[in-house]
Each structure stands twice: as C-alpha cells, then as structure tokens.
Number of protein chains: 2
Amino acid sequence: MSLKCIGIDIGGTSVKLGIFEEDGTLVKKWEIPTRKEENGKYILGDIAASIRRTAKESGLELSDFSGAGMGFPGPVLPDGHCEVCVNLGWKAGNPQQELSRLLDGMTVKSGNDANVAALGEMWQGGGKGYKNLVMVTLGTGVGGGIILNEKIWTGEQGVGGEIGHIHVMEGEKEACNCGGHGCLEQVASATGIARTARRMLAADNRPSTLRSLKNISAKNVLDAAKAGDALALESLNKSCYYLGWALATISMVLDPQAFLIGGGVSKAGTFLTDIIKRYHDELSPMATKKADIVLAKLGNDAGIYGAAKLIIG
Amino acid sequence: MSLKCIGIDIGGTSVKLGIFEEDGTLVKKWEIPTRKEENGKYILGDIAASIRRTAKESGLELSDFSGAGMGFPGPVLPDGHCEVCVNLGWKAGNPQQELSRLLDGMTVKSGNDANVAALGEMWQGGGKGYKNLVMVTLGTGVGGGIILNEKIWTGEQGVGGEIGHIHVMEGEKEACNCGGHGCLEQVASATGIARTARRMLAADNRPSTLRSLKNISAKNVLDAAKAGDALALESLNKSCYYLGWALATISMVLDPQAFLIGGGVSKAGTFLTDIIKRYHDELSPMATKKADIVLAKLGNDAGIYGAAKLIIG
C-alpha cells in the first residue's frame, strides 16, 4: 500500500482534516471544533487525538502516512516558527514541531492558510496545470497567495501575497484594518463591495433596486448588477476596476500564468471574472499574452488539499 | 589555475565585456562597438573574435573559461531563444547557442539586460548580502529586475519586472511608449521627472529657478530641489510618490528585502532614496520591517558582473 498523507486547515471556528492519496485523491475528510480557550493550547492536542482516532477507525497506522501538512491563519517562517497567531490565540512557538511530537515524530510541514489554499487550488483545483499563479480570495477581506514554480512564495517576512493591502485609492479617508488608507480590501472585499455601493447610493438619487434593502450585502450588489441595475453595475465596476488594476500591477511585476479568484464573492462566477479581466487587460498593455483570470474550484477544501501538497512536494 | 568566466553586456551602441575570477574579481574589461547593420548579424561574430583576441593577449585559452554570460535588451526565454530584439535588429533566434558555436562550444547563458544588471548588483554591488531584491533603473525609461532566492525571475513570458509599465496615474491623457496611459515611466523616469516639472511650471506662476532654463532635464529638477527650490521639490515629490507607491505595491506582493535604485537619476543619491522611502513606507503599512531602499553601485558595469554571475550560478 502506498503512503497516504494528511491535510489540516486550522480556522478560527473549526479544524478541517483530510486523508489523501499521493495522487491527490481525497479519501476521507472530517472536522473538529477549534478550542481557542487558554491561548489555543488544546488545538494541536485535539488534532493529534483526532488523527489517531480516525486513522484507527480507517484501519491505518501512523506509519501509513508520509506526513501531515497544516495551514493556519498567521505568518509562518520556513522552519515552522510562528511569532503570533491572533485568531487562534497562539503566542510565539513552533506548532509544526509540536504536532510532530504529538504524532510520534511524523513529518509535519506548515504554512499560512491563504498561501496553503493557493497551493491546493494549483494542485487539484482551478489552477490545475499552472505552475505560476496568484490566488485572490474575496471574502470579508481580500487574501492572497502566490505560487511560483509550484511552490509558495512567502517573501522575506511572510508579507508576500498580502494583496488586500495594496494601496489603490488616493484620498480615501476611512482607515483599513491595517492602518492604511485606500487598501484594495476596502473596495474589493465583500465588505468593500457593499460599502462602495452604499456610498454610491448615498451620493445621488438615481433609482436602484438596492434602495429597498435594509442591509446591503456584496451578494445583493452582484445580484442587482447581474439583473441589470445600472447603479449596482456601476458600483461593481468600480470595485472590479481597482481589483483589475492591482492584478495588472502584479502582472507587470511577476508575470504569472493565471489569477485564481476564490472566496464567497467568487460565487458570482464568470460574470465577475469577466469584468475583472477587462480592467486587468486594459491596464497591463505590455503583456502580449494576458494572464488568465479563472475561478477557484475547491471552496473550503482548498486548505486541506494545499496542506497535503506541502508533504507531497 | 582556477577557471575564469566572461561577462558580456550588449547595448545598442557598444558591447561591454569583462573577464572575471569566480570570486567576483574583475580581471579585465573592455568595449567594442555594436554593429547593428544588416539586422545585427555581425554582433555575435565581433564578440567571439574580440574574446579570442583578448584571451590570447592575456595568455589565456578558451578552455581557461568556465563559460560566458550575456545580457541583451530583449525578452529571453529560459532556453536562450529570443523572439525579437528591436534595439539590436535581431529577429527570432537563439543568440546564446550561436555564440557558443562561435566559441567552440563554450557554455553560454543569457538573459534580459535589466535582469542581468540586477543580478550583478546583488552579487557585487549595492545588493550584496541580499537574496531577494528588486532593482529599479531610472534612466530614459524605468527598468526593473527581480531577484528571488539569488536567481532572476522573468515570469511566464519575460514581462516580469516591467516596473516602468505599472499603471499609477488615473486620468493621464498622454500615451506611454507601451500604449498604456499613466505608466510609472511617464512620471518617474528621467524624462518623466522633467515632464512633470514642466507641467507644474506651466500650471501656475510660482517662482522657480527652473523658469530660467531652456530645456529642463531631470538633473535640473533634482539640483533645484536639493538647493531648496519649492516648486522643483514639489514636482520631485510627485514623481517619487508614484515610484514609492509602486514599490509599496511590490512589497505587498513579493516582500523583498530591498529595492536597489540605479540609472542616471540615482546619481542624486540618498536625497532621492530618502524621498522614495518615505512614500514607500507610508504606503506599505502591513510590513512591520520595511524593505531597504538603497543605491546601486556598479553603474554601467552591473551588466557584465551579472552576465558573469549567470555562469557562476
């Protein structure tokens, strides 16, 4: 029997786990809650216990696994050291070494969750076939992950791929969570798409189906734009203009084969990516062959796929 | 005797050549004219003949060299293929294979000149000690070269590092050479710095020492700004704001250790880099440790150093 491997995606609410064949087949997947109390001290123990239990139920020994990969929401140094992981309560430590110890010395590798998800999408998702890509996750914020030559690029201090904090808007008064003003996240995340529409509605009296809604969400804006609401479309175009611009800049710097668009907002499908592509292409005139702009495919499973891929290499 | 290697930098006017020790010592350097007639068909032959002649004069055989590296002003694929090199008149071909043939099968490697110069600066210039850096050349245009893990990053189609064509200005009416509108090159190259100042002078009647000059150059703007001319400083700040912004974006994407500023404009020294750094730092709030912004050191020799480094690896 060939070796299997484990993919672990630690989120603020739950930990997703998967057992994979080395060819990328997902054999089994399950979830456990993330116990964040006492600075997250139970999280790794819970994961190790759950892996032991699930392996046993599946008739597997720990020695049947080539290793376990792990993604978590924080900056990770190449040796696995994590200075701080706010969302899990972790202080400085080496969760990868710790988990390895708890699994009798099993090989454990780790990475930032957004980067790991990008790797998963490259391996078995919307990025299959590409070696150089940039994943953009449009959710509450705008996340990013950069894959160069099939490997995660983290940069010098793990800031690489922080696409949401590319400065795009001059003169923005409101502050971003990062302390900056005019970050991409402020206009192109789900929150940003809704905010942009609300501002546009407040700025004039044009009719719009959005005016009848109490709380406008990004989905409302996207649905209204799809249905032909002129103001919603104009607002969405504005959000996509800034996103397309940021991606065009990345094309001039990195020249990737493709951008993968994921996250909740990406459920709008090619209606969304077509608009982003229009602005990207317009603002990257030097590129004779424009980068593809495609949809991510693995959804919430991207993290466990990418984590497994850390082991398979 | 340990092997030596050759660095070749082919420009539109002259070809620079150097013989290096593998430790980076430049043993000998010389230049020959670039004969561009008949689609540049004599260039590689001239180079080979000059290398043979100079080697002989120095008491060396071709077998005393581990190889020759070459930079030229065009896009180069990993196998050395060049689809077109406008400045030299070259049509599709493989100059690296051709030069190797002319030098009895000597190992020849090649790269785009801006990228090769960046590699040279990393090896023996202002970037010594850094492994991940982005070089920005402020000359007639704005060139760029990206070094990741001590290697040139060219991207999928060789567009990687085309920093001059990052879109930075909204609403710019004038077209850039690339066909775009509002490229960094239009405001931060030598030409761009002079143009920005001319526009600012035309826009109002404020006094400025620049008003007495017939043709305003970037050097005039930098000198006047250094001397305290308020309008010149305001104009230079504008150019540096857009440059700092583009570099801040690169910091969010690649998170390099340093940016190297080279080219004629960089003769203004730390007066210039201090202004660029101020905007870069302001617009990259996510980076707790800001990238260094330092001056390139090798000037016109960067190309031969980098070309030699292609061979040394």
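A:Arg35 is partly exposed, with a relative accessible area of 32%; buried means under 20% relative accessible area, exposed over 50% and partly exposed in between, with a 1.4 Å probe and protein chains only. This is a predicted model, in which local features need pLDDT of at least 70, side-chain atom pairs count only at pLDDT 80 or more, and totals for chains, interfaces and linings use all residues. Residues are numbered from 1 along each chain as its sequence is written, chains are lettered from A in the order in which they are written, and side-chain values use heavy atoms, with hydrogens and water left out.

A:Arg35 forms a salt bridge with A:Asp46, with 2.9 Å between the closest N and O atoms. A salt bridge is a side-chain nitrogen of Lys or Arg within 4 Å of a carboxyl oxygen of Asp or Glu. The pair links distant parts of the chain, eleven residues apart: A:Arg35 lies in the loop between strand S3 (26–33) and helix H1 (37–40) of chain A, and A:Asp46 in helix H2 (residues 43–57) of chain A. Helices (H or I, at least four residues) and strands (E, at least two) are DSSP runs, numbered from the N terminus.

## Other salt bridges

Over all chains, the structure holds 28 salt bridges. One of them joins A:Lys41 and A:Glu38, whose closest N and O atoms are 3.7 Å apart. A:Lys41 counts as exposed at 54% relative accessibility, while A:Glu38 is partly exposed at 49%.

In chain B, B:Glu38 forms a salt bridge with B:Lys41, again with the closest N and O atoms 3.7 Å apart. B:Lys41 counts as exposed at 55% relative accessibility. A network of salt bridges links A:Glu172, A:Glu174, A:Arg195 and A:Arg199.

## A buried histidine

A:His280 is placed in helix H9 (residues 270–282) of chain A. Its relative accessibility is 0%, so A:His280 counts as buried. The side chains of A:His280 and A:Ser251 are joined by a polar contact of 2.7 Å.

## Helix H10 of chain B

Helix H10 (residues 302–312) of chain B is largely enclosed by the rest of the structure, because ten of its eleven residues are buried. Among the buried residues of H10(B) are B:Tyr305, B:Lys309 and B:Ile311. B:Gly313 follows H10(B) and has a positive phi, near 75 degrees.

Terms used. Polar contact = N/O pair within 3.5 Å; in protein donor to acceptor, adjacent residues only side chain to side chain.
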